[in-house]
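Notebook open, model loaded. I'm jotting down what I looked up, one entry at a time.

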Amino acid sequence: VLRTERVGLMPEHATELLDVAFRHPIRLIANALGVPTPEMVERAHTAGIPVAALVGTAQHAERQLNVGVDLLIAQGSEAGGHTGQVATMVLVPEVVDVVRAAGSRIPVLAAGGIVTGRQMAAAMALGADGAWTGSVWLTTEEAETAPATKAKMVAASSSDTIRSRSRTGKPSRQLRSEWTDAWEAEGSPEPLPMPLQTILAEPALRRVDTAADGGHAGATRLATYWVGQGVGMMNTIRPARQVVAAFMEEFADAASSMQALLK
Ligand SMILES: Cc1cc2nc3c(=O)[nH]c(=O)nc-3n(C[C@H](O)[C@H](O)[C@H](O)COP(=O)(O)O)c2cc1C
């Protein structure tokens, strides 16, 4: 398993991974942590598949526009997973301005910390065409999140996440735990560069999850997973359809309150 992971994570195997993706009936291909190669964009466009890109700064957005992506996701620092340091509130209007100034009409989605319909309305007030979410689904009944970690997420506050290099070698936001604390502690070794830290960390973290799900107290303290600051508002485990319904309801309420301000 480790050997397969090693192969899959090396940049020179990216084409093979794309081969796998394109063998499936995909509707969208999204890339992050850099600009897609012209070959990837061309291959997707030839197959009629739009290419999306996650960006964390206005400069990233310019670079992605230059290679012809079809959709930008302005992902602020609050987000779960690999993230930069600019907050969603600042990043979204900046990216929208870059796109429109370039004369482009491609959609911009807002991401990072959006776990409610009123935040989605706020994102659209900032100029986004919609919202892109990740964390909010992790505490749904359908989510494959390890049960002990799901319980930790439900209990966590918005201050309980950290951008740490301890999982992949690049800063990614996750639940703060004894695992992240140990890597951040004075005297600890520096995390390895991507992809080596993933190869080191993932097998260990999978064993941690198994032990935590079996009720082991030490493993439960170590357990962590990618999640954004919105975790503070993810306080119940509920079906995904309830998340969707709550988003729609709250979005409509927020949009009506905004309109009422103009009367
Ligand atoms: C568990 C998890 C895994 C993620 N994995 C990826 C990934 O592989 N590629 C990617 O582009 N974004 C990834 N993301 C980021 C999401 O695409 C999304 O931008 C982010 O979750 C939005 O912020 P939010 O978590 O506050 O909703 C991941 C996010 C989470 C929470």
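This is a predicted model: local features need pLDDT of at least 70, side-chain atom pairs count only at pLDDT 80 or more; totals for chains, interfaces and linings use all residues.

**Entry 1, S135.** I started with S135, which counts as buried because its relative accessibility is 11% (buried means under 20% relative accessible area, exposed over 50%, partly exposed in between, with a 1.4 Å probe and protein chains only). I placed S135 in the loop between strand 6 (130-132) and helix 7 (147-155); helices (H or I, at least four residues) and strands (E, at least two) are DSSP runs, numbered from the N terminus.

**Housekeeping.** Residues are numbered from 1 along each chain as its sequence is written, and side-chain values use heavy atoms, with hydrogens and water left out.

An N or O atom in the S135 side chain is 2.5 Å from a ligand oxygen. A polar atom of the S135 side chain also lies 2.8 Å from the backbone nitrogen of G228.

I found a backbone N or O atom of G80 at 3.1 Å from an oxygen atom of the ligand. For G112, a polar backbone atom is 3.4 Å from a ligand oxygen. I then checked cover: the ligand taken alone exposes 600 Å², and the protein buries 73% of that (Shrake-Rupley areas with a 1.4 Å probe; for residues, only the protein chains shown count as cover).

Which residues come nearest to the ligand? Of the 15 around it, they are Q75, G113, W132, G134 and S135; to be near, a residue needs a heavy atom within 4 Å. I sorted the shell by class and got eight nonpolar, seven polar and no charged residues. Here Ala, Val, Leu, Ile, Met, Phe, Trp, Tyr, Cys and Pro count as nonpolar, Asp, Glu, Lys and Arg as charged, and the others, Gly among them, as polar.

Buried or partly exposed? D129 counts as partly exposed because its relative accessibility is 42%. I found D129 in the loop between helix 6 (117-125) and strand 6.

The peptide bond from M194 to P195 is cis, with omega near 5°. L33 has a positive phi of about 60° although it is not a glycine.

Conventions:
A polar contact is a pair of N or O atoms within 3.5 Å; within protein, one must be able to donate a hydrogen and the other to accept it, and residues adjacent in sequence count only if both atoms are side-chain atoms.
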